[in-house]
Amino acid sequence: WLVYKYLDEAVIANYQTVRLIHGKGTGALRQALWNFLRTDKRVASYRRGQYGEGDSGVTIVTFNN
């Protein structure tokens with residue numbers, strides 16, 4: 001629910017991309033998040049963060065225009 005609301009607010013604010021911090025850990029939280037993002041029609045793409053963005057501890061989400 002919190003992720004959905006955050007994405008709503010980001011779309012309303014007309015952000016093109018956002019960074020979702022989930023940490024590295026076992027990867028279970030990232031996988032659950034990616035399963036959600038895969039079905040969200042607002043999301044154009046998502047990827048792991050690169051060096052300097054948070055590496056694999058964050059997901060970068062790009063929205064549809």
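Modeller: Gladly. Buried means under 20% relative accessible area. Keep in mind that this is a predicted model.

Colleague: Why is threonine 59 called buried?
Modeller: Its relative accessible area is 0%. The cut-off is under 20%. Threonine 59 is therefore buried.

Colleague: What does threonine 59 touch?
Modeller: Leaving out residues up to four places away in sequence, its contacts include Val18, Arg19 and Leu20. Leu33, Trp34 and Leu37 are also among them, as are Tyr46 and Arg47.

Colleague: What makes the link between the side chains of threonine 59 and tryptophan 34 a polar contact?
Modeller: The distance is 2.8 Å. A polar contact needs a pair of N or O atoms within 3.5 Å, one able to donate a hydrogen and the other to accept it. The pair therefore counts as a polar contact.

Colleague: Which strand holds threonine 59?
Modeller: Strand β3. The sheet is open, has three strands and runs in the order β1-β3-β2, with antiparallel pairing. The edge strands are β1 (17–21) and β2 (43–48), as each pairs on one side only. From one strand to the next, the twist averages 25°.

Colleague: How do you know that β1 pairs with β3?
Modeller: Five bridges join β1 to β3 (residues 58–63). Pairing takes at least two. The two strands therefore pair. Valine 18 stands opposite valine 61 in β3.

Colleague: Where do the helices lie?
Modeller: Helix α1 (residues 2–12) packs on the sheet and touches β1 and β3. Its direction makes about 160° with that of β1. Helix α2 (residues 28–39) lies across β1, β2 and β3, at about 160° to β2.

Terms used
Residues are numbered from 1 along each chain as its sequence is written. This is a predicted model: local features need pLDDT of at least 70, side-chain atom pairs count only at pLDDT 80 or more; totals for chains, interfaces and linings use all residues. Side-chain values use heavy atoms; hydrogens and water are left out. Helices (H or I, at least four residues) and strands (E, at least two) are DSSP runs, numbered from the N terminus. Axes are lines fitted to C-alpha atoms, for helices over the stretch in contact, and angles run from 0 to 180 degrees between N-to-C directions. Contact means heavy atoms within 4.5 Å. Buried means under 20% relative accessible area, exposed over 50%, partly exposed in between (1.4 Å probe, protein chains only).
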